[in-house]
Protein chains: 2
Amino acid sequence: MSKLLIVGTVAFDEIETPFGKTDKILGGAGTFIGLSASQFEVSSAIVSVVGEDLPQKYLDLLKSKNIDISGIEIVKGGKTFYWKGRYHNDLNSRDTLVTELNTLANFNPIVPENFKNAEVVMLGNLHPSIQMGVINQMTKRPKLIILDTMNFWMDNALEELLAVIKKVDVITINDEEARQLTNEYSLVKAAKEIHKMGPKYVVIKKGEHGALLFNNDNVFFAPALPLEEVFDPTGAGDTFAGGFAGYLAATEDTSFDNLKKAVIHGSNLASFCVERFGTERMESLKRSEVSKRLHQFKTLTQFEIELQ
Amino acid sequence: MSKLLIVGTVAFDEIETPFGKTDKILGGAGTFIGLSASQFEVSSAIVSVVGEDLPQKYLDLLKSKNIDISGIEIVKGGKTFYWKGRYHNDLNSRDTLVTELNTLANFNPIVPENFKNAEVVMLGNLHPSIQMGVINQMTKRPKLIILDTMNFWMDNALEELLAVIKKVDVITINDEEARQLTNEYSLVKAAKEIHKMGPKYVVIKKGEHGALLFNNDNVFFAPALPLEEVFDPTGAGDTFAGGFAGYLAATEDTSFDNLKKAVIHGSNLASFCVERFGTERMESLKRSEVSKRLHQFKTLTQFEIELQ
């Protein structure tokens, strides 16, 4: 089985949406990526750091999904990264109420020995120096390195971020961030500029408006599934990335055609994530449900047209 | 050949975008719908009103596209509807600087005798009473009545608008307007509410984010083509509607599968409209160009995926 190495936070989230609020629950990019990727036949591991305050049941949940957690460092007496946020009525914007880095402030990622030759590496949103630290520990150049990042690092660690971008095969980034990174409003032009920075593939996430995949002159668009209810968007982007990376690790095919499929799988899984608070929906998600919704995706976008 | 009856403004537009500005040029919903529909094998007519100040060359242009203009009333001594607007840098929002209704203020639409049995009627954005006036002049129930409208009429003539909505088969409306009309944020829920108001088909236009077609539980999504340059969005929605209506009139097939194709044709044509100021691009558009871009649409969204 192919190996997928994930680096990302395992964290406490506390979430308020127009539909309700949670206590401190399990969250974090590494968590969502891992849960999503576990829908595929891959051997995955998460590299992260937590404090002793993280309930054992959360680690057990990850283990139960066949995720190797030996790379999750538990800092004695330490506290786990904690984020509290409130979504606005449209669910497209949110205010961060609390961010406590805690153990994440001094995170020194250690890649487990048996994952140093992983075929696919998924670098979840973290300080680019941490992401680079993981790349540097690989003993073999992975078939595919996928980078997720955000505007915070563009504002605060641009040089380190550009160094990581140069080293990766795929970047996933949202539309506003793509514009910020390139000073180009047109996403087509922004993707071209990002290609020049290194990545062969550029995935631009547009939230409820879907995702675009660019590979030079090839473009593919995957819609988000129109949903009756979006309950909590937290983790949707990471779930997308996890499905994307998990599918690519399981298939080990880095052609444009296969990346198209990976984008569809990512969008499909993200459509479940937002149906419940936090990780709830992803914890219990069955493959039969995933498969059924893939049919809906196909119906949603496929058409026959007479081309001359 | 099938007949397509179009009602909509033929007007002066004066446009400012970040890329430049125009003098008073040809615009109006009826104009854009007519030019777009002329890409198909249909016999179309525009019902509208203008003043004597409208240059004859504009009417000649419409005639040269095989559009019957006998239903365009020219008011002696009257002035043509005039709109002046300025787009913001993102091209997604704009300020209206001037609106002069002029002859439109007392518009009493007269459907040409030989179009009272048109197979398809496209009601462009106008006061709902005018739209209703056109429906009432039809001697035979058209196969398909398509309604375009906007938030202005929801604010100012809701009762009349609801009466028209009840009579049509298809409504095209943008996402914010669908939300306003139904008080539902979810577009899936909004479409369900609009179905209840009458239309069997609901098309929700999301501008650069594409368009959704709803028919009860059937949903189809057509993306907008990602463009390097959007020069002037004026008329894009009407061009979409014109392509949609023109294709349906040419094919006379009102199945969901054919409406999917109509949405693709509409999106395809709209992608040309925005490449130049006003009607410039649509005036010279060749069928070979249209066909070539349809291929791009297919490539953009089609994928093969293993479904279990």
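Copies are superposed here by least squares on the C-alpha atoms of residues with pLDDT of at least 70 in both. Keep that in mind for the two chains of this model, which is a predicted one.

## Two copies, one axis

Let's start with the pair. Turn chain B by 180°, shift it by 0.0 Å along the axis, and it lands on chain A with an RMSD of 0.0 Å. The two copies are thus related as by a two-fold rotation axis. The surface used for the contact is the same in both copies, since 100% of the contact residues of chain B turn up again in chain A.

How many residues does each chain put into the contact? Chain A brings 30 residues and chain B brings 30 residues. On the chain B side, the elements that give two or more residues are helix H7 (187-197), strand E15 (218-222), helix H9 (256-273) and helix H11 (287-301) of chain B. Of these, H11(B) gives the most, with 6 residues.

## Chain A on its own

Now zoom in on one copy. Chain A is built with 11 helices and 15 strands. Its radius of gyration is 18 Å, close to the 19 Å that the globule rule gives for 308 residues, so chain A is as compact as a globular protein of that length. Taken along the principal axes, the C-alpha atoms of chain A fill a box of roughly 70 × 45 × 40 Å.

What share of chain A counts as buried? The figure is 51% of its 308 residues. As for how the chain folds back on itself, take the contacts in chain A between residues at least 6 apart in sequence: 68% of them join residues at least 24 apart.

## Helices that pack

Two packed helices are described by the angle between their axes and the distance between the axes.

| Helix pair | Angle between axes | Distance between axes |
|---|---|---|
| H3(A) (128-137) and H5(A) (158-165) | about 30° | 8 Å |
| H6(A) (175-182) and H7(A) (187-197) | about 60° | 9 Å |
| H8(A) (236-251) and H9(A) (256-273) | roughly 140° | within 7 Å |

Take H3(A) and H5(A) to begin with. Angles under 35 degrees count as roughly parallel, and H3(A) and H5(A) are therefore roughly parallel to each other. H3(A) passes H5(A) in a left-handed crossing. On the H3(A) side, A:Pro128, A:Ser129, A:Gln131 and A:Met132 make the contact, and they meet A:Glu160, A:Leu161, A:Ala163 and A:Val164 in H5(A).

H6(A) and H7(A) are oblique to each other, and H6(A) passes H7(A) in a left-handed crossing. H6(A) makes the contact with A:Asp175, A:Ala178, A:Arg179, A:Leu181 and A:Thr182, while H7(A) uses A:Leu187, A:Ala190, A:Glu193 and A:Ile194.

That leaves H8(A) and H9(A). Is their crossing left-handed or right-handed? The crossing of H8(A) and H9(A) is right-handed, and the two helices are oblique to each other. Among the H8(A) residues that take part are A:Phe240, A:Phe244, A:Tyr247 and A:Leu248, and the H9(A) residues they meet include A:Val263, A:His265, A:Leu269 and A:Cys273.

## Some residues in loops

A:Glu41 is found in the loop between helix H1 (29-37) and strand E5 (43-51) of chain A. With 12 other C-beta atoms within 10 Å, A:Glu41 is exposed. A:Glu41 and A:Tyr247 are 206 residues apart in sequence, but their C-alpha atoms are 8.3 Å apart in space. Which residues does A:Glu41 contact, leaving aside its neighbours within four places in sequence? They are A:Met1 and A:Ala250.

Over in chain B, B:Asn66 sits in the loop between helix H2 (56-64) and strand E6 (67-68). Phi of B:Asn66 is near 60°, which is a positive value in a residue other than glycine. B:Asn66 is partly exposed, with 13 other C-beta atoms within 10 Å.

B:Glu252 has a positive phi too, near 50°, and is a residue other than glycine. Its place is the loop between helix H8 (236-251) and H9 of chain B. B:Glu252 counts as partly exposed, with 13 C-beta neighbours inside 10 Å.

How values were computed
Residues are numbered from 1 along each chain as its sequence is written. Chains are lettered from A and ligands numbered from 1 in the order in which they are written. This is a predicted model: local features need pLDDT of at least 70, side-chain atom pairs count only at pLDDT 80 or more; totals for chains, interfaces and linings use all residues. Two residues are in contact if their C-beta atoms, placed from the backbone, lie within 7 Å. Helices (H or I, at least four residues) and strands (E, at least two) are DSSP runs, numbered from the N terminus. The radius of gyration is taken over C-alpha atoms; the globule rule is 2.2 Å times the number of residues to the power 0.38. A residue is buried if 20 or more other C-beta atoms lie within 10 Å of its own, exposed if 12 or fewer, and partly exposed in between; C-beta atoms are placed from the backbone. Axes are lines fitted to C-alpha atoms, for helices over the stretch in contact, and angles run from 0 to 180 degrees between N-to-C directions. Angles under 35 degrees count as roughly parallel, over 145 as roughly antiparallel, 65 to 115 as roughly perpendicular and the rest as oblique. A crossing is left-handed if the near helix is turned anticlockwise from the far one by less than a right angle, and right-handed if clockwise.
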